[in-house]
Amino acid sequence: GGNVLFLEAMRNKRIAEVRMCIASNATFVVGLAFLLVSGILNGDVEAQWAWSRRATWLLRFVCVAFFAAATFIYSQLWNAYGSIRESASEAERPWTSQMLVHHAGIVSAAILVWILLAVVTVLGSPTYLWKAVA
């Protein structure tokens, strides 16, 4: 979902949407990194593991590294289309009603990701999230 919005924002050169998608992806990376570190600090790492356990943690690190690298690459598009005030037409300006709905959806999705990460961490185990992501 988020990458589709990002591609559409790039295709239509919607500066504010591109920036919001980059910020949302960065938010997701921070959340995954938090889960990775919390798993390590909570003693989920053991001195002697079975190979399957090592592979699981390797996938977790690769997952976080992949999203971090993607965010770094995406961030190079932050100023690719100029500034928000330089938008060519009224339809491209971020303050039109259609754009505000898109932006609210992106921000809401980022907030929802943080809430779900908190719920999984507090009520359950980060293992549930890792099984879904990796």
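**Reading a helix pair**

Mentor: Helix α1 (residues 2-11) and helix α2 (residues 15-41) have axes that come within 8 Å and cross at roughly 150°. That makes α1 roughly antiparallel to α2 (over 145 degrees; axes are lines fitted to C-alpha atoms over the stretch in contact, with angles from 0 to 180 degrees between N-to-C directions). Helices here are DSSP runs of H or I, at least four residues, numbered from the N terminus. Bear in mind that this is a predicted model, where local features need pLDDT of at least 70, side-chain atom pairs count only at pLDDT 80 or more, and totals for chains, interfaces and linings use all residues. Residues are numbered from 1 along each chain as its sequence is written, and side-chain values use heavy atoms, leaving out hydrogens and water.

Trainee: Which residues in α1 meet which in α2?

Mentor: In general, two packed helices are described by the angle between their axes and the distance between the axes. Here, Gly2, Leu5, Phe6, Ala9 and Met10 of α1 meet Glu17, Val18, Cys21 and Ile22 of α2 (contact is heavy atoms within 4.5 Å). Those residues divide into seven nonpolar, one polar and one charged.

Trainee: And how many disulfides are there?

Mentor: A disulfide is a covalent bond between the sulfur atoms of two cysteines. With sulfur atoms within 2.5 Å as the rule, the count is zero. Cys21 is buried at 8% relative accessible area (buried means under 20%, with a 1.4 Å probe and protein chains only). Cys63 is buried too, at 9%.

Trainee: What does Asn25 touch, leaving aside residues up to four places away in sequence?

Mentor: Asn25, in helix α2, touches Phe67, Ala70, Thr71 and Tyr74.

Methods: Helices (H or I, at least four residues) and strands (E, at least two) are DSSP runs, numbered from the N terminus. Angles under 35 degrees count as roughly parallel, over 145 as roughly antiparallel, 65 to 115 as roughly perpendicular and the rest as oblique. Ala, Val, Leu, Ile, Met, Phe, Trp, Tyr, Cys and Pro count as nonpolar, Asp, Glu, Lys and Arg as charged, and the others, Gly among them, as polar. Buried means under 20% relative accessible area, exposed over 50%, partly exposed in between (1.4 Å probe, protein chains only).
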